[in-house]
Amino acid sequence: MRQNLNRKGFTMLELMIALIVFSIIGVGLTTVFVSGLRFYSEEKSQIDKQQALTQFSIALESDVRKSKLASKSINCLNLTLNDNSTIAYCYNSLNKTISRNAIVVAEEINTFTISVTTNQIKLTIVTTPDQRLSQNTLNYEYYLSTGNFE
C-alpha cells in the first residue's frame, strides 16, 4: 500500500507551537486588560470622591451665604439662616462621614476641622486614603456679611 505524501493539513508539532504562541498572546492580553480595569476602577473611585466633595462644598457655600449666624460645637458647624432655621454640619468620626441635619452628605472623611472667628468660618477636610494611598485636603474659608458669630 502506498502512502499519499501530498496530504494537506498541519502536523501535530505545528498545532502545538500555534497553541503555545496563542496562549502566550492570550495571557499578555489578559494581563493588560486586568491592569486597565484596575486603573479604571481606581480612577473612577477617585473621581466619584471628588465629585461628592464638590457637591458638598457647593451646598455648604450656599448655606453659608444664606446664614446670618455661625457657631461651632463638638464636631459640628451650626448655621442659623436668615429665616431663623438652622443647619448643622456634623462629623461622625466612627463612620467617617459628614452629615447635614442628620443626612450624610460626604463620606470617607478622615478629619473635619472647624474654626469660627469674628467674621470667618474656616474648614479643613481630609479624605481617607484611596487605593493609591492619596488623600484630598480641602480648605474652605467663608465670610459672613452680616450677623455675629458665637
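## Overall form of the chain

Of the 150 residues of the chain, what percentage count as buried? In this predicted model, the share of residues that count as buried is 29% of the 150. The chain holds one helix and eight strands, and from the N terminus on these elements follow one another as α-β-β-β-β-β-β-β-β. Because its radius of gyration is 30 Å, well over the 15 Å that the globule rule gives for 150 residues, the chain is more spread out than a compact globule.

The box filled by the C-alpha atoms, taken along the principal axes, is roughly 110 × 25 × 25 Å. Among the contacts in the chain with a separation of 6 or more, 39% are accounted for by residues 24 or more positions apart.

Five strands make up an open sheet in the order 1-2-3-4-5, and their pairing is antiparallel. Strand 1 (67-73) and strand 5 (103-107) are the edge strands, each of which pairs on one side only. On average, and with direction ignored, neighbouring strands of this sheet are turned by 20 degrees against each other.

Strand 1 and strand 2 run antiparallel and are joined by six bridges, with Lys72 standing opposite Leu77 in strand 2. The hairpin of strand 1 and strand 2 has two residues between the strands, and in this hairpin Asn75 takes a positive phi near 55 degrees. Strand 2 (residues 76-81) also pairs with strand 3 (residues 86-92), again in the antiparallel sense, over five bridges; here Asn78 stands opposite Ala88 in strand 3. In a regular strand, side chains alternate between the two faces of the sheet.

How many salt bridges does the count come to? The count comes to four salt bridges, including the pairs described here and under the next heading. Side chains of opposite charge can pair when their charged atoms come close.

The side chains of Asp48 and Lys44 meet in a salt bridge with an N to O distance of 3.2 Å. Both Asp48 and Lys44 lie in helix 1 (residues 12-66), where they are four residues apart, about one turn of the helix. Asp48 counts as partly exposed at 35% relative accessibility, and Lys44 likewise counts as partly exposed at 37%.

Glu61 and Arg65 also meet through their side chains in a salt bridge, at 2.8 Å from N to O. Because Glu61 and Arg65 are four residues apart in helix 1, they are separated by about one helical turn. Glu61, at 31% relative accessibility, counts as partly exposed, whereas Arg65, at 64%, counts as exposed.

Which side chain does Arg100 meet in a salt bridge? The partner of Arg100 is Asp63, and the N to O distance between their side chains is 2.7 Å. Arg100 lies in strand 4 (residues 97-100) and Asp63 in helix 1, so the pair ties together parts that are 37 residues apart in sequence.

The partners can also be described by their accessibility. With a relative accessible area of 28%, Arg100 is partly exposed. Asp63 has a relative accessibility of 4% and therefore counts as buried, since the cut-off for that class is under 20% relative accessible area.

Methods. Residues numbered from 1 in each chain as written. Predicted model: local features only at pLDDT ≥ 70, side-chain atom pairs only at ≥ 80, totals over all residues. Heavy atoms only, no water. Pairing = 2+ DSSP bridges. Axes fitted to C-alpha atoms, helices over the stretch in contact; angles between N-to-C directions. Buried < 20%, exposed > 50% of the residue type's maximum accessible area, 1.4 Å probe, protein only. Rg over C-alpha atoms; globule rule 2.2 N^0.38 Å. Contact = heavy atoms within 4.5 Å.
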